[in-house]
Amino acid sequence: MLRASFIALALAGLASPANATEWVNCTEPSGAASFDFLAGGVDVLSIAAITISVGDKVWASDVANGPGDPVELGQSFAGNGMILVDAVHQGVLVAELRLWQTPGADLPIYGGTLAIPGFGAWSVSCSGP
Amino acid sequence: MTRTLLRLLTTALLAIAAQPALATEWLDCTSFDFNQRIQLLAGGVDFHQFSAATLYVNGADWSTSPEAQPGQLLDIGQAFWDGKTLLVDLIDPAAQSVLAELRVFATSEGADDVKGGVLRVPGTGAWVVVCTGP
């Protein structure tokens, strides 16, 4: 009986799809700066990884996504047509992303601003899920 | 007493006359291919009030003042601008429906002041826009 329960639980786990994640890539049109985040979540936004670049300077929350200075997700919120993300390191703001999302012909479109203290601010356009 | 009152009145009138008329400037938002454009005439304190608008989408023009800026008539339905968030809905007064929605964030860092967001025209399309001014 106990063995059957364990098998049922294991099969249930295999049948449940892992929460899907996809990269959202936000760039200034000339490529001067970018903010990419790995987004997932079912009812609310969940960010699993962040990569930020401006010129030769790169930050990455996960070395698996390439080299870069450390950065973590500070806070994020998606709702009411907005996506708001703050990236930090040791409590200090590294970058601030503010996006509006609206339905496009096929996929949603995202546009807004990226500010990196000490470096600059840019209008950005994003591609993603 | 009368001389004092007269002096005070004169001072007040001179102070009022010295106030500059509040300036107006255009806020201009365009798509990256320049085929879509929305302009808002901003005035008031910190340019937070809009008194006129024009819209250009895929070759068609709209304007709050067609006699000044040719196009079909539109109205500013609602607008909000606090220096960081800009929300504007333009209305087709004939159909009493939303003609266009503009949603923009503004931010600054060092010498950079930028505004970016999205323009959506229901039934037609949606575009990322970059804005300049005021």
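## Core, sheet and selected residues

Leaving aside neighbours within four places in sequence, Ala95(A) is in contact with Phe35(A), Ile52(A), Ala87(A), Leu114(A), Ala115(A) and Ile116(A). These contacts, like everything that follows, come from a predicted model. Ala95(A) also stands out in the largest nonpolar core, which has 60 residues: together with Leu114(A), Cys29(B) and Leu119(B), Ala95(A) touches the most other members. In soluble globular proteins, nonpolar side chains tend to be buried together.

In chain A, strand β8 (residues 92-102) pairs with strand β9 (residues 109-116) in the antiparallel sense, over 7 bridges. Within this part of the chain, Leu97(A) has Leu114(A) in β9(A) as its bridge partner.

Is Gly74(A) buried or partly exposed? Gly74(A) counts as partly exposed because 17 C-beta neighbours lie inside 10 Å, whereas a buried residue needs 20 or more. Not counting residues up to four places away in sequence, Gly74(A) touches Asp86(A), Ala87(A), Val88(A) and Leu93(A). Ala87(A) is also among the contacts of Ala95(A).

Turning to chain B, Ala100(B) is placed in strand β8 (residues 97-109). Ala100(B) is buried, since 23 other C-beta atoms lie within 10 Å. Leaving aside neighbours within four places in sequence, its contacts are Ile38(B), Leu55(B), Leu90(B), Leu119(B), Arg120(B) and Val121(B). Of these, Leu119(B) is one of the core residues that touch the most other members.

Two C-alpha separations place these residues relative to others in their chains.

| Pair | Separation in sequence | C-alpha to C-alpha distance |
|---|---|---|
| Gly74(A) and Val63(A) | 11 residues | 18 Å |
| Ala100(B) and Thr132(B) | 32 residues | 19 Å |

Chain B as a whole has 1 helix and 10 strands. From the N terminus on, the elements run α-β-β-β-β-β-β-β-β-β-β. Of its 134 residues, 33% count as buried. Among contacts in chain B with a separation of 6 or more, 28% are between residues 24 or more positions apart.

Key: Residues numbered from 1 in each chain as written. Chains lettered and ligands numbered in written order. Predicted model: local features only at pLDDT ≥ 70, side-chain atom pairs only at ≥ 80, totals over all residues. Core = buried A, V, L, I, M, F, W, Y, C linked by C-beta atoms within 7 Å. Buried ≥ 20, exposed ≤ 12 C-beta atoms within 10 Å, placed from the backbone. Contact = placed C-beta atoms within 7 Å. Helix = DSSP H or I, 4+ residues; strand = E, 2+ residues; numbered from the N terminus. Pairing = 2+ DSSP bridges.
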